Amino acid sequence: MSNYKLGLEYAQQQDQNDNLSAYRDQFHIPKDNHGNELIYMTGNSLGLQPKITKSYINQELEDWANLGVEGHTEGKNPWLHYHEFLTETMASIVGAKPLEVVVMNSLTANLHFMMVSFYKPTPKRYKILIEADAFPSDKYAVESQLRHHGYDDKDGLILWKAREGEELANYDDLETILKQQGDEIALVMIGGVNYYTGQFFDLKRITQLGHSYGCMVGFDCAHGAGNVPLNLHDSGADFAVWCSYKYLNSGPGSLSGAFVHERHAYRKDLNRFTGWWSHNKTTRFRMRDDFDQLPGAEGWQLSNPPILSMAAIRASLDVFAAAGFDKLCQKSKQLTGYFEFLLNQLDNSDIKIITPSNPDERGCQLSIQVKNADKSLHTKLTEAGIITDWREPDVIRCAPVPLYNSFKDVYGFVERLKTILN
Ligand SMILES: *Cc1c(COP(=O)(O)O)cnc(C)c1O
């Protein structure tokens with residue numbers, strides 16, 4: 001894996017040897033005004049559209065047109081059960097049991113719903129620990145939970161910060177925080193893969209640590225789902241949430257996934273917000289029964305879900321299932337390792353990779369820190385036909401996605417970057 005080579009020929013050879021390379025053709029690759037394919041490196045932000053997605057959505061549009069309300073039961077894929085079609089593949093991608101996973105709502109909403117159950121502050125133990133550069137929505141969500149329960153959001157929020165002069169969070173520091181304040185912390189809520197640095201945290205280690213101090217532990221895996229093996233069940237985390245529009249290629253704003261560990265599956269004492277979709281499926285339509293909690297993650301649903309969005313998720317999950325997530329993860333390590341190799345060969349002090357160099361501590365994303373926060377580099381990349389994203393204050397995030405990015409994409413990216421830097 002470490003004998004990467006320079007030159008276009010090597011990249012082409014790698015693509016030829018890659019038995020997943022044909023999947024690129026199953027996606028719409030955005031083009032420039034002249035019809036040339038762009039080098040798309042932002043699957044971490046919005047995954048590309050599988051070509052089969054349209055037909056999956058059309059199927060539901062047709063059933064709606066032809067059957068109206070009967071589509072709930074008579075459609076080709078009856079809407080009443082539609083979310084169940086997603087569960088198995090989604091569960092296998094995040095390393096969970098089907099009982100532990102449901103697709104519902106959107107991401108930040110699910111984070112709140114999980115906190116309704118797993119953030120149970122008491123006057124002695126009410127604080128929430130997050131990583132210092134958590135995704136803003138997560139930070140705003142936990143701050144508002146603190147306020148909602150009557151606590152001060154400055155006093156109640158503990159940040160796990162990288163050390164002075166370092167970019168990555170250090171586990172020793174997490175241990176120190178817990179040693180000093182663990183008995184005041186109700187919830188540890190970490191981004192499974194940090195959106196900014198690309199650091200893939202050790203979920204099991206964090207969970208064990210949090211639990212040993214009596215804290216609940218949850219993860220926002222928006223940047224992990226479909227990108228890295230999360231092994232949520234084995235991590236022991238109490239809950240996790242993620243979105244489906246980043247690495248899971250399910251379309252802008254598409255639905256979110258939620259994981260609730262099996263040990264909570266049958267608990268009726270956990271407080272939660274409920275609706276008719278959290279009620280026993282077999283008696284749901286009797287309408288006048290008293291509430292009867294559905295077991296497992298499904299018991300956190302509230303509403304009948306948007307089928308058109310779920311159809312896009314279903315299409316994408318079928319692509320994942322065909323390719324095989326383990327194989328994708330293997331290719332991902334090679335592709336990103338190659339990307340890192342080429343960037344390091346540039347040996348240019350204007351850029352620095354801040355993502356962990358250990359392949360087990362990252363997914364496919366590399367975050368390139370730009371000297372003096374010079375945003376013009378990002379603009380020039382865009383002008384050169386490369387789609388990346390700039391994240392304030394000073395990082396360009398680039399994610400070669402194993403499903404549709406090629407070694408040639410990576411080669412082309414670094415060649416154009418080299419020209420720009422010189
Ligand atoms: C993308 C992302 C979000 C976005 O939240 P939405 O509710 O889907 O808008 C939130 N948190 C993290 C960690 C993310 O990566």
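Predicted model: local features only at pLDDT ≥ 70, side-chain atom pairs only at ≥ 80, totals over all residues.

Reply: Residues are numbered from 1 along each chain as its sequence is written, and side-chain values use heavy atoms, with hydrogens and water left out.

Me: Into which domains is the protein divided?

Reply: Domain bounds come from an automatic or database domain assignment. Here domain 1 comprises 8-48 + 324-421, and domain 2 comprises 83-304. Their C-alpha centres lie 29 Å apart.

Me: How is the area between domain 1 and domain 2 to be read, and how much do they bury?

Reply: The size of an interface is often given as the accessible area lost when the parts come together. The value is taken with a 1.4 Å probe and summed over both parts. Domain 1 and domain 2 bury about 2,000 Å² between them, with 55% of it on carbon and sulfur atoms. On the domain 1 side, L46, F325 and I354 lose the most area to domain 2, together 26% of what that side buries. In terms of contact (heavy atoms within 4.5 Å), 31 residues of domain 1 meet 20 residues of domain 2.

Me: How many residue pairs are in polar contact between domain 1 and domain 2?

Reply: A polar contact is a pair of N or O atoms within 3.5 Å; within protein, one must be able to donate a hydrogen and the other to accept it, and residues adjacent in sequence count only if both atoms are side-chain atoms. Eleven residue pairs between domain 1 and domain 2 qualify, both residues being at pLDDT 80 or more.

Me: Which residues are around the ligand?

Reply: A residue is listed if one of its heavy atoms lies within 4 Å of the molecule. The residues around the ligand are L107, T108, F135, S137, D138, D220, A222, H223, Y245 and K246. An N or O atom in the side chain of D138 is 2.7 Å from a ligand nitrogen. Polar side-chain atoms also lie 3.2 Å from a ligand oxygen in the case of H223, and 2.4 Å from a ligand oxygen in the case of K246.

Me: How many salt bridges does the structure hold?

Reply: Side chains of opposite charge can pair when their charged atoms come close. The structure holds 20 salt bridges. One of them joins E184 and K127, at 2.7 Å from N to O.

Methods:
Buried area = accessible area lost by both parts, 1.4 Å probe. Salt bridge = Lys/Arg side-chain N within 4 Å of Asp/Glu carboxyl O.
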